[in-house]
Amino acid sequence: MIRIVGGGLAGTEAAWQAARRGVPVALHEMRPVRPTAVHRTDRLAELVCSNSFRGDRLENAVGLLKAEMRQLGSLVMRVADATRVPAGGALAVDRERFAAGITEALEAEPLVTIHRGEVTGVPAAEDVRRPVIVATGPLTSEALADELTALVGHERLYFFDAISPIVHADSIDAGVVFRASRHGRQTAADEAAGRGADGAAADAAAGDYLNCPLDAGQYARFHEALRGAERAQLHDFDRTPFFEGCLPIEVMAHRGVDTLRFGPMKPVGLTDPATGRRPYAVVQLRQDNLAADHFSLVGFQTQLKWGEQARVLRMVPGLERAEFVRFGMIHRNTYINAPAVLRETWQMRTRPALFVAGQLSGVEGYVESAASGLMAGIGAAALARGETPRALPRTTALGALAHYVSHASPTHYQPTNIAFGLIPSEARPPRGRAARREALARRALSDLEAWCSTGEIVDGEPAARVS
Ligand SMILES: Cc1cc2nc3c(=O)[nH]c(=O)nc-3n(C[C@H](O)[C@H](O)[C@H](O)COP(=O)(O)OP(=O)(O)OC[C@H]3O[C@@H](n4cnc5c(N)ncnc54)[C@H](O)[C@@H]3O)c2cc1C
């Protein structure tokens with residue numbers, strides 16, 4: 001029996017993986033008994049901000065991570081694939097259907113029992129045959145976060161994370177915006193920027209984004225308005241560390257006049273059919289649900305006061321009458337200093353029956369969180385069956401992520417998205433970035449298959465044969 005605390009991306013994937021291996025799971029989720037400041041429903045695996053799982057091709061490290069998760073029968077990937085909405089080369093989902101799909105799958109799983117209510121202390125986890133996974137995410141409730149801090153013996157780490165607004169489709173001016181996707185290839189900088197660059201950067205296909213074009217004058221006025229707009233108050237605002245891949249637009253505006261134009265408002269590869277020219281800057285909107293009546297502003301996370309968001313964003317051509325489904329907001333994002341306390345198998349060094357997974361464990365992003373839950377679920381199931389958890393090969397994206405989390409420098413530790421830079425390069429890599437990445441991806445998938453075929457039994461079958 002395994003106890004899992006937190007029914008988010010990591011906790012649900014961990015529960016699924018353990019159940020697939022025949023181990024009963026008690027999954028504790030505090031919502032709706034105790035809400036968080038950002039979640040809005042009682043569903044498991046609710047996506048708090050963007051509806052994008054980022055790039056879905058093997059040329060992106062996060063695409064490789066997804067391929068590996070699919071190879072290991074990931075529930076998160078299965079439901080994401082089933083609820084995808086058009087987003088070019090990115091995997092974006094209908095957030096309602098996604099969370100409903102995960103919730104229904106786990107409710108229907110006989111080996112998983114779901115308990116609703118806050119867990120206020122770290123479960124003892126003294127018996128290795130009854131392991132515990134803590135996957136309570138960036139918004140871990142205070143009581144549990146305090147206990148964890150005491151347990152890991154380090155000052156709690158955090159940064160601030162912001163959410164992008166969503167608008168009603170019928171409030172967007174169809175006479176102004178144009179449908180197109182960026183052409184050209186994803187750059188290394190885009191990938192490093194992780195979810196900040198997500199769908200827009202990963203996308204090279206046709207027409208899945210709505211684009212609001214700005215000329216130089218409109219951009220200058222918008223930039224000025226952003227700089228002058230009033231932000232929501234944060235206690236320790238002056239010392240606020242932001243996740244660099246997900247900076248609020250007003251913070252970018254303060255960094256320089258062109259920062260937004262080279263970031264989320266980049267017009268590269270786009271031609272406005274109304275003028276036949278490339279706009280000076282664009283605001284991109286991505287479909288947010290299958291009904292296509294909600295669109296989110298890509299990379300437009302913000303902490304402006306809600307009234308100010310409406311005022312400033314309505315200056316964007318095409319959004320003059322925008323009605324907001326949800327405004328952007330900001331929240332503290334908690335994580336532990338993983339390299340100081342975690343093993344490559346996501347077990348605590350000092351307490352092997354206790355696993356930490358998800359954003360709390362020092363990874364960043366939906367896919368990475370689910371991936372760490374997947375590994376912790378497999379490891380905890382092994383412990384519960386009296387086996388020794390095995391680390392994934394470092395040559396895989398999964399293994400590389402685990403290696404980073406457990407081996408990076410604990411001084412100034414920063415959570416990470418997956419990137420090819422975390423995977424060791426080949427002894428004789430082929431020439432050219434695309435060929436190098438392709439070779440790394442091929443090696444990763446084949447090493448994962450070899451890992452599965454030595455010992456992973458799922459649903460009574462060798463894992464390599466389970467899809
Ligand atoms: C403001 C904000 C914006 C973000 N935007 C993005 C984005 O656009 N894209 C992206 O990839 N990532 C984003 N993230 C990061 C995102 O939260 C993670 O990628 C992902 O949700 C982490 O998965 P998780 O399973 O670790 O945590 P979560 O998905 O948050 O799941 C944790 C679960 O634990 C529950 N819980 C907490 N405390 C307790 C307790 N004591 N007892 C029982 N249950 C508890 C919570 O209710 C929650 O359901 C954002 C985070 C924040 C805070």
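A residue is called buried here if 20 or more other C-beta atoms lie within 10 Å of its own, exposed if 12 or fewer do, and partly exposed in between, with C-beta atoms placed from the backbone. This is a predicted model, where local features need pLDDT of at least 70, side-chain atom pairs count only at pLDDT 80 or more, and totals for chains, interfaces and linings use all residues. Residue numbers start from 1 along each chain, as its sequence is written.

**View 1. The whole protein chain, before we zoom in.**
The protein chain holds 14 helices and 18 strands. Both kinds of element are DSSP runs numbered from the N terminus, helices being H or I with at least four residues and strands being E with at least two. Of its 467 residues, 53% are buried. Now for contacts, meaning two residues whose C-beta atoms, placed from the backbone, lie within 7 Å. Take the contacts between residues at least 6 apart in sequence: 74% of them join residues at least 24 apart.

**View 2. A135 and the residues around it.**
Look for A135 in the loop between β7 (132-134) and α5 (142-152). A135 counts as buried because it has 33 C-beta neighbours inside 10 Å. If we skip its neighbours within four places in sequence, its contacts include I4, V5, G6, G8, A10, G11 and A14, and also A357, G358, L360 and G373. S369 is 234 residues away from A135 along the chain, yet their C-alpha atoms are separated by 8.9 Å.

**View 3. The shell around the ligand.**
Here a residue is near a molecule or strand if its C-beta atom, placed from the backbone, lies within 6 Å of it. Around the ligand there are 38 residues, and G6, G8, C49, G137 and G358 come nearest. Four elements supply at least two shell residues each: α1 (9-20), β2 (25-29), β15 (330-335) and α12 (366-384). Which element gives the most to this shell? That's α1, with three residues. Sorted by class, the shell has 18 polar, 15 nonpolar and five charged residues. For that sorting, Ala, Val, Leu, Ile, Met, Phe, Trp, Tyr, Cys and Pro count as nonpolar, Asp, Glu, Lys and Arg as charged, and the others, Gly among them, as polar.

**View 4. The largest nonpolar core.**
A nonpolar core is a set of buried Ala, Val, Leu, Ile, Met, Phe, Trp, Tyr and Cys residues joined through C-beta atoms within 7 Å. The largest one has 135 residues, and A14 and I133 touch the most other members. Among the elements, α12 gives the most to this core, with 13 residues. Domain 1 (2-159 + 335-465) and domain 2 (164-328) both give residues to the core, so it lies between them. Those domain bounds come from an automatic or database domain assignment. Now pick out I133: leaving aside its neighbours within four places in sequence, it is in contact with I2, I4, G11, A14, F355, A357, A376 and A380. As general background, nonpolar side chains in soluble globular proteins tend to be buried together.

Two strands pair if DSSP finds at least two bridges between them. In this open sheet, three strands run in the order β3-β5-β4, with antiparallel pairing. β3 (52-55) and β4 (84-85) stand at the edges with a single partner strand each, so one side of each has no neighbour in the sheet. β3 is joined to β5 (residues 90-93) by two bridges. To find your way, look for G55, which stands opposite A90 in β5.

Are the residues of β12 (residues 281-287) mostly covered or uncovered? Mostly covered: seven of its seven residues are buried. On one side sit A281, V283, L285 and Q287, on the other V282, Q284 and R286, and all are buried. β12 pairs with β11 (residues 209-214) in the antiparallel sense over six bridges, and L214 faces A281 there. On to β13 (residues 294-297): it pairs with β12, again antiparallel, over three bridges, with S296 as the bridge partner of R286. The hairpin of β12 and β13 has six residues between the strands, and in it A292 takes a positive phi near 60°.

**View 5. Some backbone details in loops.**
A cis peptide bond, with omega about 0°, joins R31 and P32. P32 lies in the loop between β2 and β3, and A45 has its place in the loop between β2 and β3 too. A45 isn't a glycine, but has a positive phi of about 50°. A45 is buried, with 29 other C-beta atoms within 10 Å. A125, in the loop between β6 (112-116) and β7, has a positive phi of about 50° without being a glycine. A125 is buried, with 20 other C-beta atoms within 10 Å.
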